[in-house]
Amino acid sequence: MSQMPQPPQLSACPTCDEPPQAGDRYCDQCGADLTVAAALAAEAALSAEAIADRSQAHGDRSEAHGDLPVPPRVNGAARSTHPEPEPDDYELAAPTSGGYGQVADPRAAATLGAPEAPGESGIHPETNASTHTSAASSTGSGTGTGADPRLPGDEHRPRCAACQEGTIDQDGYCERCGHAQARTRDHMESELEGVAAASDRGLRHHRNEDAFSVSTSALPDGSPVTVAVVCDGVSSATRPDEASAAAAHAASQALRASLPRGAHPQQAMNEAIIAAADAVNSLALDTGAAAPHHEGQRHQNAPACTIVSAVVTSDILTIGWVGDSRAYWVPDDRTTPPARLTEDDSWAAQMVAAGLMSEAEAYADERAHAITGWLGADAYELEPHTASYKPDRPGVVVVCTDGLWNYAESAEQMAHAVPPDARARPLNSAQFLVGYALDGGGHDNVTVAVVPFPAVPGRAGSA
């Protein structure tokens, strides 16, 4: 049977040094809350113990294993999307789901109302868009209790959501108790009429390096068109969160500009991916220095990301991608087969295509997620993939990063995970799929867009 941990008994009030009686919650002398003080003392003790254990563990590991292996290269280019955990990554217990859209958020910290750093958000809300955020990422000021999170006087730094007393340093940690503070991109949700998306940091990473954009518009004949773009920052590259945000925004803007003018969806998709690549490439050159020769950029570990996008009209769905983010087709009638619409640019996919391994063998290999195609200044060659389909029945397109499909890899597994009412309730379904990945372990950032087919008529907008 699980038991709640009990805080240690204080020997003296931290405010007035008055010895408390057994079971006292408040100091008899000054009225201080002893339970808060006890909890902080317990956290401090646990933090000190964890730091000591981690230091010992890292020391033992380095002695036992030596240097880590270099990610493999395929055809001269390979990039691992799953490097060794960053030093400040941390592990949290998986939450439980309470039904569609009722995913428990394992992070207890609330937003601080601080101005967002440039490049922090991967979503660009505009008019006619309904943008939602969890309690951990609400853009309004306050901590969820109605209290002003700002400190009195001339201090304009936000106050810690955990201890309510310390200020937050530039790295996002409380200077008093050390708690990491929630950021806007930790959890994001957006919904338009006929499309929705959700993104979450996951349970192992210290930030969300995924980004997305969803939008609706109309073709020249007035028929509706829906666009969803999902990008996954390459963790082994620099500034992956900025790369994914720039790519998602650029691709969405390009599609929203070209489709209403009558561009063919596949041509528009190809141009959108090129625009996204240009946006990511520019991040490697935004320091003000002269543009280096392309060959010289390959050793800079430039910002990089993957991309997958869906354009859905009343009769055709078009997919475009580079990397290992995926799109799936899930029909409303679950007695008919679902389908995976993309092929990964990855080591595993190349092994399968070459007939050297079965799909099960390839994806079980530790090199499976080394990608062979990405957007970034150090990519060897940009080869956008596009494909169009004409489904003969209604359903949804699931556009996602590997943070989701790692837990539902085959088309059948994804169809089983998607709620049966996904076409009618895309936001609820996106929320549920994020929760599905978190329940499975949440080892990576997870982002998913749910796009009903055929496209739903509605007002044009983007989020």
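1. Helix H8 is largely enclosed by the rest of the structure, because 12 of its 15 residues are buried. The model is predicted. The buried residues of H8 are Pro426, Leu427, Asn428, Ser429, Ala430, Gln431, Phe432, Leu433, Val434, Gly435, Ala437 and Leu438.

2. H8 covers residues 426-440 and reaches 21 Å from its first C-alpha to its last, close to the 21 Å expected at 1.5 Å a residue. Gly441 follows H8 and has a positive phi, near 140 degrees.

3. Two packed helices are described by the angle between their axes and the distance between the axes. For helix H2 (residues 240-258) and helix H3 (residues 265-283), the angle is about 145 degrees and the axes are 8 Å apart. The crossing of H2 and H3 is right-handed. On the H2 side, the contact is made by Glu242, Ala243, Ala246, Ala247, Ala250, Ala251, Ala254, Leu255 and Ser258. H3 contributes Ala268, Met269, Ala272, Ala275, Ala276, Ala279, Val280 and Leu283. By class, the contact of H2 with H3 has 15 nonpolar residues, 1 polar and 1 charged.

4. Ser223 lies in the loop between strand S5 (210-218) and strand S6 (224-233). Ser223 counts as buried because its relative accessibility is 16%, against a cut-off of under 20%. The side chains of Ser223 and Asp221 are joined by a polar contact of 2.6 Å. Leaving aside residues up to four places away in sequence, Ser223 touches Ser217 and Ala218.

Conventions: Residues are numbered from 1 along each chain as its sequence is written. This is a predicted model: local features need pLDDT of at least 70, side-chain atom pairs count only at pLDDT 80 or more; totals for chains, interfaces and linings use all residues. Side-chain values use heavy atoms; hydrogens and water are left out. Helices (H or I, at least four residues) and strands (E, at least two) are DSSP runs, numbered from the N terminus. Buried means under 20% relative accessible area, exposed over 50%, partly exposed in between (1.4 Å probe, protein chains only). A polar contact is a pair of N or O atoms within 3.5 Å; within protein, one must be able to donate a hydrogen and the other to accept it, and residues adjacent in sequence count only if both atoms are side-chain atoms. Contact means heavy atoms within 4.5 Å. Axes are lines fitted to C-alpha atoms, for helices over the stretch in contact, and angles run from 0 to 180 degrees between N-to-C directions. A crossing is left-handed if the near helix is turned anticlockwise from the far one by less than a right angle, and right-handed if clockwise. Ala, Val, Leu, Ile, Met, Phe, Trp, Tyr, Cys and Pro count as nonpolar, Asp, Glu, Lys and Arg as charged, and the others, Gly among them, as polar. The expected span of a helix is 1.5 Å times one less than its number of residues.
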